[in-house]
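Please examine the sequence and the structure shown below before reading on.

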Amino acid sequence: MSFLSIRTPAQARRLFLSRSGLALSGAAVALLAGRDALAAKSGDKSSDTNILNTALAAELEAIAAYQVGAESGLLQKPVLDLAVTFQGHHKQHAEVLAKTIQKLGGKAVAAKSKYTFPVEKLKSQADVLRFAAGLEQGAVSAYLGAVPLFGNRDLSKAAASILGDEAMHWAVLRQALGEAPVPSAFVS
Amino acid sequence: MISVAATLLAVGIAAAADPEKGKEIYGRCLACHALEYDRVGPRHCGLFGRRAGSVKGFTYSEAMQRSKIVWNEKTLDRFLANPPKAVPGTAMTYAGVPDAKERADLIAYLKQAC
């Protein structure tokens, strides 16, 4: 499909996203699509923005953590590529969260100028993978704990979409560590 | 009578708390917390006996700063059950750990982790 044959704005948006590298999920696209329903739906907006900001802060830290891992010199290809890919996902999550916060009238938190990571304990590729897996496991739980709190169910859906992505990260990292990729039938 | 039974149940749960299981449960906290340093949430070392909102250099929600909570087994148990309900406005926007035994395990781990 070319831009010349686009018939609807939705088609144009899908094409733009597919070509811009923003391979966002349907729920995330809905967040960015500017639907009036999103901003107008009932629910405590300040509470929702509070939840989104906590998630955004964690995503920004995850981006920084993957940067530390990528620059550590400890990751070999293809694990390095995997880490960079996952970091890219977190960047997309952060972008969607920040835009949604702004759309709801809130102020998105900014990345910290400095993060603390246990770099002294990262001495091998496995150490980096284990550290990243821990962050991803925590992220899964954090989103799971946030999903039921949103006043706006569209936001719950979007958070669940991110949760699914981070659960896949966690599983792949566990697999790379030689652990059972999916340790149980449920996450908590 | 109900109050006595509830107290006995709570004491029983606390007595049976397993810090090893609590360590596993602490995995749920790792998106935002660490034992020894501040992240999205404040560090957990030094938690017991600490007044909520008092770690120097960490930016808390106003709600947490105003809460006047001093962290101990009882206040942690109440908070962890449902943080937004216990401290409305907290930045810990997490539905909580609804299972009393899991909370007891988690608290037992936090008590001996640092």
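## Confidence in the model

This is a predicted model. Among the elements of chain A, helix α1 (residues 9–20) has the lowest mean pLDDT, 39, while α6(A) has the highest, 98. Over residues 1–24 of chain A, pLDDT stays under 50, and the model has 14 contacts beyond four places in sequence for this stretch. Where pLDDT is low, the predicted coordinates should not be read in detail.

For chain A as a whole, the mean pLDDT is 84, with 77% of the residues reaching 70 or more. The mean for chain B is 92, and 87% of the residues of chain B reach 70 or more. For the complex, the predictor gives an ipTM of 0.87 and a pTM of 0.84.

## Secondary structure of the two chains

Chain A contains seven helices and zero strands. Read from the N terminus, the order of its elements is α-α-α-α-α-α-α. Chain B has six helices and zero strands, in the order α-α-α-α-α-α from the N terminus.

Buried residues account for 35% of the 188 residues in chain A, and 34% of the 114 residues of chain B count as buried. Contacts can also be described by the distance along the sequence that they bridge. In chain A, 73% of the contacts with a separation of 6 or more involve residues 24 or more positions apart. In chain B, among contacts between residues at least 6 apart in sequence, 48% join residues at least 24 apart.

After α4(A) comes A:G73, which has a positive phi near 80 degrees. The loop between α4 and α5 of chain A also holds A:P78. A:P78 is joined to A:K77 by a cis peptide bond, with omega about 5 degrees.

## The largest nonpolar core

Which residues touch the most other members of the largest nonpolar core? In this core of 63 residues, they are A:A55, A:L56, A:A58, A:A132, A:Y143 and A:A159. At least two residues each are supplied by α4, α5 (79–103), α6 (125–146) and α7 (153–176) of chain A, and likewise by α2 (19–26), α4 (73–81) and α6 (100–112) of chain B. The element that gives the most is α6(A), with 12 residues. In soluble globular proteins, nonpolar side chains tend to be buried together.

A:A58 illustrates how the two chains meet. Not counting residues up to four places away in sequence, A:A58 touches A:A139 and A:A142 in chain A, together with B:A31, B:C32 and B:V40 in chain B.

## Where the chains touch

The contact between the chains takes 19 residues from chain A and 16 residues from chain B. On the side of chain B that touches chain A, 10 residues are nonpolar, three are polar and three are charged.

B:A95 lies in the loop between α5 (83–86) and α6 of chain B. Apart from neighbours within four places in sequence, B:A95 is in contact with A:G145, A:P148 and A:L149, and also with B:N82. B:A95 counts as partly exposed because it has 16 C-beta neighbours inside 10 Å, a number between the limits of 12 or fewer for exposed and 20 or more for buried. B:A95 and B:L80 are 15 residues apart in sequence, and their C-alpha atoms are 8.6 Å apart.

## Two further residues

B:K68 is found in the loop between α3 (62–66) and α4 of chain B. Although B:K68 is not a glycine, it has a positive phi of about 60 degrees. Is B:K68 buried or exposed? B:K68 is exposed, since 8 other C-beta atoms lie within 10 Å.

A:S156 has its place in helix α7 of chain A. With 19 C-beta neighbours inside 10 Å, A:S156 counts as partly exposed. Leaving aside neighbours within four places in sequence, A:S156 is in contact with A:V147 and A:F150. The C-alpha atoms of A:S156 and A:A110 are separated by 22 Å, and the two residues are 46 residues apart along the chain.

Conventions:
Residues numbered from 1 in each chain as written. Chains lettered and ligands numbered in written order. Helix = DSSP H or I, 4+ residues; strand = E, 2+ residues; numbered from the N terminus. Core = buried A, V, L, I, M, F, W, Y, C linked by C-beta atoms within 7 Å. Contact = placed C-beta atoms within 7 Å. Nonpolar A, V, L, I, M, F, W, Y, C, P; charged D, E, K, R; others polar. pLDDT = per-residue confidence, 0-100.
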